[in-house]
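I opened this entry to record what I looked up, beginning with the contact between chains and then turning to one chain by itself.

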Amino acid sequence: MIALEFDRVSRDFSAPSGKPYRVLEELSFSIPAGAFVAIVGPSGCGKSTLLNLAAGLLAPTSGSVRIDGAALAGLNQQATYMFQQDSLLPWKNVRDNVTLGPILGGVPAREARQNADSWLTRVGLTGFESHYPAQLSGGMKKRVAMAQNWILGRSQMLMDEPFSALDVHTRQQMESELLALWDADARARRTVVFVTHDLHEAIALADEVIVLSAGPASRIVARETVNLSRPRALVDVQLSPQFADLYRRLWSVLREEVLRSQRPMPQHA
Amino acid sequence: MRKGAVAFWRVALGLGLLGIWEAAVAFGALDPFFVSRPRDIAGRLWQWVSTGFIWTHLAITLQESILGLVIGAILGTVTGFALARAKKAAQIVEPYVMMLNAVPRVLLAPLFLLWFGLGIWSKVALSVTLVFFVMFFNAYQGVRNADPVLIANVRMLGATERQLVRHVLVPSALVWIFSSLQASLGFAMIGAVVGEYLGATRGLGYVISQAEGTFDTTGVFSGMVLLSLVVVVISSVVARAEAWLLRWKK
């Protein structure tokens with residue numbers, strides 16, 4: 001079954017000059033339910049735009065987005081979204097941030113609270129229920145954000161470079177925890193669309209990697225299946241010959257796009 | 001510096017300045033007719049307090065200030081919130097808001113006396129015109145500057161428009177509003193006292209203007225000192241309230 005489908009989706013933004021600027025050009029792809037798909041591309045290629053279109057936070061200029069076969073109008077109710085920036089409400093403590101989604105959906109406070117506490121245990125934050133986000137480290141904030149999203153039990157998870165602001169060790173730990181959570185409901189795995197600019201991260205985590213070209217008017221330039229066994233131990237997976245092989249193939253494509261995106265803009269006198 | 005040291009130097013600075021003032025009068029460098037002297041001011045304040053003369057005036061001024069603060073705050077935040085949500089309406093009325101804010105409030109005082117009489121309401125009205133704009137601009141900015149990532153996140157978590165207002169827009173406006181409480185309080189007192197000064201039968205402003213009318217500089221200075229003391233006390237209460245309300249910030 002197809003969870004998420006882009007059908008010739010284009011998206012324009014208006015540049016400061018007023019002229020439309022095309023970010024994505026006729027993008028078509030589909031993601032099967034339960035798949036973990038990583039999307040990589042150079043800076044400014046429209047990765048975040050793609051995710052915002054999938055979330056329904058943006059509407060396509062042309063083409064259509066389909067969720068579980070139905071055309072998306074308004075927000076994607078099947079999905080949660082994990083942002084690169086801090087997205088926790090600073091005036092709510094950890095527990096209230098995690099219960100927010102259920103409370104908004106009308107779940108009774110006591111039930112939401114119990115559920116939140118069990119999720120906080122799963123992400124290793126027992127004892128921090130009453131802390132405010134400003135009192136937490138970067139990694140802890142990401143854990144709260146994960147609990148805040150996963151508690152809703154939606155079938156799709158959209159992630160926009162969620163760990164890019166973390167240091168390298170915390171980041172690897174968060175990636176492992178993410179995979180552990182995802183593997184945990186093996187019977188009905190959630191569909192993950194994971195945007196990153198890091199090819200290592202993409203291959204290590206995903207079932208499939210999609211490479212976008214440099215902007216403007218980005219398109220898909222490569223799409224590879226990752227045949228590494230699951231569950232994966234992230235520390236070791238990067239040493240396997242399969243990983244190296246795949247990395248080399250994808251990097252040869254991505255490299256061109258990164259170089260293209262770094263070409264200096266025409267200078268103004 | 002440690003807390004004790006700060007308190008010590010604060011008191012030392014105050015006493016030092018008062019000492020210089022007192023000495024300058026004693027040695028004839030300043031004429032007590034024009035600037036009074038600390039000893040006389042302290043004596044006058046004690047007389048006001050011990051005879052109970054000042055309490056009714058102080059109570060009236062506080063009553064006017066608090067009414068001005070509360071009414072101004074409610075009107076200002078509600079209007080600021082409404083205009084921040086209605087962008088088109090905000091564009092239309094923007095120049096008029098600027099025009100109103102540019103009116104020097106002192107000029108309104110005689111009008112308010114005419115409209116609301118010599119009682120407390122003409123002073124409350126003056127306070128409201130001052131507090132309103134501080135609150136209005138802060139509520140407006142608070143809503144406008146709400147973090148778009150927070151808004152997107154809460155919407156993705158399933159918030160309706162109304163829930164979005166309650167969980168994101170109101171709290172992020174409150175941050176700005178609380179931060180402006182101290183300034184608003186000052187404005188509320190200024191409104192009340194200036195109103196009393198220009199025409200009243202009670203209140204601190206009235207006491208000061210009576211003293212001025214009889215060239216009683218000691219009375220004028222005593223009124224000013226009392227007013228500043230009251231503001232310092234209330235400000236420290238407000239600062240505590242603010243620290244508690246914004247405790248999640250640190």
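**Contact between chains A and B**

I looked up the contact and found that it takes 17 residues from chain A and 16 residues from chain B. The model is predicted. I then asked which elements of chain A give two or more residues to the side that touches chain B. They are β6 and α2 (94-104) of chain A. Of the elements, α2(A) gives the most to that side, with three residues. I sorted the residues of the side of chain A that touches chain B by type: twelve are nonpolar, five are polar and none is charged.

**Strand β6 of chain A**

Strand β6 covers residues 79-82 of chain A. Ala79(A) and Tyr81(A) point one way, and Thr80(A) and Met82(A) point the other way. Are these residues buried or exposed? I noted that all are buried.

Next I checked the pairing. β6(A) runs parallel to strand β7 (residues 156-160) of chain A, and four bridges join the two. For Tyr81(A), the bridge partner in β7(A) is Leu158(A).

**Chain A as a whole**

I counted eight helices and ten strands in chain A. The C-alpha trace spans about 60 × 45 × 45 Å along its principal axes. A compact globule with 269 residues would have a radius of gyration near 18 Å, so the 19 Å of chain A agrees. Buried residues make up 41% of the 269 residues. Among contacts in chain A between residues at least 6 apart in sequence, I found that 69% join residues at least 24 apart.

How values were computed
Residues are numbered from 1 along each chain as its sequence is written. Chains are lettered from A and ligands numbered from 1 in the order in which they are written. This is a predicted model: local features need pLDDT of at least 70, side-chain atom pairs count only at pLDDT 80 or more; totals for chains, interfaces and linings use all residues. A residue is buried if 20 or more other C-beta atoms lie within 10 Å of its own, exposed if 12 or fewer, and partly exposed in between; C-beta atoms are placed from the backbone. Two strands pair if DSSP finds at least two bridges between them. Two residues are in contact if their C-beta atoms, placed from the backbone, lie within 7 Å. Ala, Val, Leu, Ile, Met, Phe, Trp, Tyr, Cys and Pro count as nonpolar, Asp, Glu, Lys and Arg as charged, and the others, Gly among them, as polar. The radius of gyration is taken over C-alpha atoms; the globule rule is 2.2 Å times the number of residues to the power 0.38.
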